[in-house]
Amino acid sequence: MPRILAIDLGTKRTGLAVTDPLKMLANPLETIETSALLDYLKSYCSREEVDTLVLGYPTRLNGQDNEMTPKVVTMKDRLSKAFPDKKIELIDERFTSKMAMQSMISMGSKKKDRKEKAGNLDKVSAAIILQSYLERQ
């Protein structure tokens, strides 16, 4: 069964998360350099069946665009061209980084580990974006 893959786009790093084959659970997948995102996704989608890409859509608390919003819109366009057979969805990502940090704290991650493993925050944020998407379906 095809999976859903979520993307938490960053200027330097991008967090990825993917569903289980039954599309019930969101699991952190990987944190990669943003410059390598399209190549990574092409490789991943050639190995795993993915039918939907969910891209976190950043806005300010008042709903207005922030500095990352245009970059996400550009990435959505690039994904649409690179993967014409896949559904590309945008989903509100406000608070996901804070929720990811709280999740890591509640799981016992020490401050030193959270700083050293910043990539974990990105993929946990992607998993939160994906879980939010699943709950809305």
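**Basis.** I worked from a predicted model, where local features need pLDDT of at least 70, side-chain atom pairs count only at pLDDT 80 or more, and totals for chains, interfaces and linings use all residues. Residues are numbered from 1 along each chain as its sequence is written, and side-chain values use heavy atoms, with hydrogens and water left out.

**Helix H2.** I took helices as DSSP runs of H or I with at least four residues, and strands as E runs of at least two, numbered from the N terminus.

I then looked up which residues of H2 are buried (under 20% relative accessible area, with exposed over 50% and partly exposed in between, using a 1.4 Å probe and protein chains only), and found Thr69, Val72, Met75 and Leu79. Seen down the axis, these buried residues fall within an arc of 115° (taken from the directions from the helix axis to the C-beta atoms), so they line one face of H2. They pack against strand E1 (3–8), H1, strand E4 (50–57) and strand E5 (87–92), where contact means heavy atoms within 4.5 Å.

**Residue Ala36.** I placed Ala36 in the loop between strand E3 (26–33) and H1, and noted that Ala36 counts as partly exposed because its relative accessibility is 32%. The C-alpha atoms of Ala36 and Arg13 are separated by 9.3 Å, although the two are 23 residues apart along the chain.
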